[in-house]
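Dear colleague,

My notes on it come directly after.

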Amino acid sequence: MKAFEANFDGLVGPTHNYSGLSFGNVASQSNEALASNPKLAALQGLAKMKALHDMGLVQGVLAPQERPDINTLRRLGFTGSDAEVLASAAKDAPRILAACCSASSMWTANAATVSPSADTADGKVHFTPANLTNKFHRSIEHETTGRILQATFSDKAHFTHHGALPSVEHFGDEGAANHTRFCHNYGDTGVEFFVYGRSAFDNNRPAPKRYPARHTLEASEAVARIHGLSANQVVYAQQNPEVIDQGVFHNDVIAVGNRNTLFCHELAFVDQTQVKQELSQKLGGQFNIIEVPNNRVTVQDAVTSYLFNSQLLSLTDGRTLLVIPDECRQNPAVWQYLTELRDGSSPIDDLQVFDLKQSMCNGGGPACLRLRVVLNDAELQAFNQSTRMSETLFKSLNNWVERHYRDRLTEADLADPQLLIESRTALDELTRILNLGSVYPFQI
């Protein structure tokens, strides 16, 4: 059956700021306390979405979440009016306030794990929101993420939605940032590649020493069971703990794949030779592996340029495109390697550079901003078409951003009650633009 890979990008929220909340994410920590530009961040993301739509790809939009998260602050003991809650939190627990203001849901690679209908036992597309237990500011996202996904993919004849895994470290789940699906054609039964940082119940496996391994083997195995995947459709691989300690906090910082091609660093996985063999065997041969040598591109260069946090896309004319951030072009070693790939005999035919500086400064590149959803013709018609990128939606969302977003935001601004009002007003309008219904907990 004919199928398509759709990319659903996260729309950057009005409280996009640099609070350095993500330990282990080098860019996030390095830019802590700088002033951000939420308006520019949102417009940069929209420009990428529109460009991929113009290339003939299926492109969707996922809404941001309500921030500041007043409900979570109240659960933590802050009381009074909304303004009083913000003031108390700013005075007594500014780091908690910063976490409850994070716009990190923009990185929808962490929103969920998605298995297409060609892979699942019941022939439906399955969604499991990631619990993101390793970081507090992200662990408060999954309930709203689930509601947004259900509003976007609501037809029960085609889509099945699951709750997040138990919110404990044993089942730490970072979503599609650690999941890749390989196939020859999107409509074929594929091989789903789950990458984890550690095992929660087997202390004999290697583990990083400096930065946390956020995703567990047990979480990956649970999602595969929930989605009804058979053993011959699944490959599990462990991240190299040494590269986690160099800032590779997710697999999508060190590897990216699409269809029958894996583009990765030579130090990406534990027992990498075995991983490659198992992927090739289960896919049935004709598996392309582009393995970048460390003497050409170091792990440090990969982390700072976000070379592998790229989008590997199949264009309608059959060519393969690699979408990369401008930081790749600014790094001489990375850019030389990429141009050699493009101009040589590799499966990568072309490069597309985007300026995503606002997202990159907080530790997220092109692949962080998207959730991949493979859809057949019927499923393509069944999802919420108001969230599908078009010329009309692009203009509408740009206008919406220009009217509602600030062009400068610091940590000191997060306690401003007016920012909460602005954010809620913007999101209330957005639910109507995207036809989402009531997905937020607030009331205007």
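Predicted model: local features only at pLDDT ≥ 70, side-chain atom pairs only at ≥ 80, totals over all residues.

The largest pocket has a volume of about 390 Å³. It is lined by 19 residues, and Asp69, Thr72, Arg75, Ile140 and Glu143 are the closest to its centre. Helix 3, helix 6 (136–139) and helix 7 (142–152) each contribute at least two residues to this lining, with helix 7 providing the largest share, four residues. By class, the lining of the largest pocket comprises five nonpolar, eight polar and six charged residues.

The second largest pocket, of about 310 Å³, has 18 lining residues, and those nearest its centre are Ala3, Phe4, Glu5, Tyr186 and Ser314. Strand 1 (3–10) and strand 12 (311–314) each give two or more residues to this lining; strand 1 gives the most, with four. Eight of the lining residues are nonpolar, seven polar and three charged.

Four cavities of 30 Å³ or more were found in the whole structure. The second largest cavity holds about 180 Å³ of space. Among its 16 lining residues, Glu5, Val114, His179, Arg181 and Arg372 lie nearest the centre. The lining of this cavity consists of seven nonpolar, five polar and four charged residues.

On the surface, Leu76, Ile96 and Phe136 form a nonpolar patch with about 240 Å² of accessible area together. Leu76 sits in the loop between helix 3 (70–75) and helix 4 (82–92). Leu76 counts as partly exposed because its relative accessibility is 45%, between the cut-offs of 20% and 50%.

Yours sincerely

Conventions:
Residues numbered from 1 in each chain as written. Heavy atoms only, no water. Patch = residues over 30% accessible without salt bridge, like charges linked within 9 Å, V, L, I, M, F, W, Y side chains within 5 Å. Areas by Shrake-Rupley, 256 points an atom, 1.4 Å probe, with all protein chains shown as cover. Salt bridge = Lys/Arg side-chain N within 4 Å of Asp/Glu carboxyl O. Buried < 20%, exposed > 50% of the residue type's maximum accessible area, 1.4 Å probe, protein only. 1 Å grid on protein atoms, 1.4 Å probe; cavity = no way out; pocket = protein on both sides within 12 Å on 5 of 7 lines; lining within 4 Å. Points joined across faces, edges and corners; volume = space filled by probe spheres on them. Nonpolar A, V, L, I, M, F, W, Y, C, P; charged D, E, K, R; others polar.
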